[in-house]
Amino acid sequence: MTSSIPKIEQPRLGEPYLLTPGPLTTSYSVKQAMLRDWGSWDDDFRAMTREVRSGLLALLGEGGADFDCVPMQGSGSFSVEAMLASFIPRNGKALVLANGAYGQRSAQTLQYLGREHIVLDKGDYLPPRGDEVARILAEDPDITHVVAIHCETSSGILNPVEEISEVTYAAGRKLLIDSMSAFGAIELKPTEIRYEAMVSSANKCIEGVPGFGFIVARKSELEAAKGNSHSLSLDVHAQWAHMNKTGQWRFTPPTHVVAAFIEALRAHAAEGGVAGRGARYTRNRDVMVAGMRELGFETLLDNRWLSPIIVTFFCPDDEKFVFDQFYKLMKEKGFIIYPGKLTVVDSFRVGCIGQMDEHVMRKVVSAAKESLEEMGVTSAAPPLRALQERAKLAA
C-alpha cells in the first residue's frame with residue numbers, strides 16, 4: 001500500500017547527501033534507533049539478533065529454507081574474508097572473477113589466507129562471462145570454488161552472476177558471491193541463481209549504518225566449514241554454532257548498529273522489499289544518467305551493464321575541469337560524490353542508493369551543471385581515449 005511507504009526526507013541535520021555505495025544517507029528514524037543502549041547478553045538484544053537473521057533470510061524468497069544467516073562484526077571486507085576463509089578449505093583452489101577493485105581485493109585476501117587461487121582479470125570495462133569461466137574450469141580440475149562480485153562498484157558493472165552460476169555448477173564446482181552493494185535491491189533468489197554463500201553489509205542497500213556484515217550460506221556448507229577458518233574472530237562456523245546455541249554473538253556486537261539495522265529492515269519491507277527498493281534505485285539511476293548525459297557527460301558503461309547502485313562517468317577533457325574542485329563545489333551544494341577507481345582514464349562515480357529519490361537526483365544534475373559553469377568548463381565531453389577504451393565493451 002502506497003501510504004505505508006516511508007517518505008524520503010531531506011537530511012534533518014543538514015549534512016550533504018552521500019552519493020556513494022555505502023556508507024550512504026540514512027533516514028532519521030534509523031539514526032534515532034541508535035539513541036538507546038542495549039545489553040549484548042540481554043534477552044531483548046537476543047530477540048533483535050533473531051529478527052536481523054530471519055529478516056535477511058526472508059529477502060531470499062523461495063529456496064531460503066536451505067540457508068542460514070550469520071552476522072559478523074566489522075566492515076563488509078571482514079565478512080568477505082570470513083566467507084572465503086570459512087568455505088574454501090585449506091586444500092581448495094579458487095577462481096576469482098575480477099573486473100575492478102573488489103575482485104582484486106578477494107584475490108588479495110586469498111593470498112593472505114594462503115589459499116591457492118587464480119584470477120580471471122577483465123580490467124575495468126568488461127564483465128566476466130560464462131563461456132570464459134566454463135573454459136577455465138574445464139582446463140583446471142583443481143579449482144573447487146568460483147568467487148564472483150555481484151555489482152563491481154569500481155565501475156558500476158552489474159555482473160552476470162546467473163550465467164556464471166550455471167557454468168560453475170555444470171562443471172561440478174561451487175559459487176561464492178560478494179553481493180556487498182547489490183543484496184537488498186537486486187534479486188538473488190536461490191531458485192534462480194545457485195550459490196553456496198553470499199555476503200553483504202549493513203550499510204548498503206538495506207540502508208543501515210556501518211558496523212557489521214552478514215554471510216548467508218547453505219546450512220550444509222556451514223556445517224562443513226568447521227575447522228576451515230584461519231581466524232578466531234572471523235570463523236563463520238563458530239559464530240553460527242554459537243548464535244544457534246546461545247542466541248548471542250561470540251564477541252561484543254555493535255548493538256546500536258543492530259538496532260538501526262532493524263529499523264532499516266522494517267522500512268525496506270514497507271517499501272516493497274527487494275523489488276520496491278530496486279525500483280527506486282533504478283529510477284534514481286535513470287533520471288540522473290539522463291540528466292548528466294544532457295550536460296555532455298559520458299558513462300563508462302553501455303546501458304546494458306549499468307547497475308542501479310553506482311554509475312561511473314568519465315571526467316571531461318576540458319582543461320578547466322579539475323576533479324578536486326568539482327568535488328568541492330558539489331559538496332558545497334549538498335552532494336558528496338565518489339572519486340573514480342579506473343586505472344586507464346580519469347573518472348568519478350555517482351551513487352544511486354540510500355535515502356534519495358528521483359527529485360534528489362534532479363538536484364544532483366543541477367548541481368553538476370552549476371559546478372561546471374563556476375569552473376568555466378564549456379564541454380563535459382571526455383577525452384577520445386576514454387571513448388576508445390569504452391568501445392572495448394561493445395566489442
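Strand β2 (residues 67-73) and strand β10 (residues 212-218) pair in the antiparallel sense over 7 bridges; two strands count as paired if DSSP finds at least two bridges between them. The model is predicted: local features need pLDDT of at least 70, side-chain atom pairs count only at pLDDT 80 or more, and totals for chains, interfaces and linings use all residues. Residues are numbered from 1 along each chain as its sequence is written, and side-chain values use heavy atoms, with hydrogens and water left out. Helices (H or I, at least four residues) and strands (E, at least two) are DSSP runs, numbered from the N terminus.

**Strand β2**

- Because 7 of the 7 residues of β2 are buried, the strand is largely enclosed by the rest of the structure; buried means under 20% relative accessible area, with a 1.4 Å probe and protein chains only.
- On one side of β2 the buried residues are F67, C69, P71 and Q73, and on the other they are D68, V70 and M72, which leaves both faces covered.

**Helix α10**

- Helix α10 (residues 273-294) has 22 residues and reaches 32 Å from its first C-alpha to its last.
- This span is close to the 32 Å expected at 1.5 Å a residue, where the expected value is 1.5 Å times one less than the number of residues.
- G296, which follows α10, has a positive phi, near 110 degrees.

**The largest pocket**

- A pocket is an open set of points on a 1 Å grid over the protein atoms alone, where a 1.4 Å probe fits, with protein on both sides within 12 Å along at least five of seven lines; lining residues have an atom within 4 Å of a point.
- The largest pocket holds about 450 Å³ of space, a volume being the space filled by probe spheres set on the points, which are joined across faces, edges and corners.
- It is lined by 24 residues, of which G76, S77, Y102, R105 and M180 are the closest to its centre.
- Helices α3 (76-87) and α4 (101-113) each supply at least two lining residues, and α4 gives the most, with 6 residues.

**The second largest pocket**

- The second largest pocket holds about 250 Å³ of space.
- Among its 20 lining residues, K7, S27, Y28, S29 and Q355 are the closest to its centre.
- The elements that give two or more residues to this lining are α1 (28-32) and α9 (255-270), and α1 gives the most, with 4 residues.

How values were computed. Buried means under 20% relative accessible area, exposed over 50%, partly exposed in between (1.4 Å probe, protein chains only).
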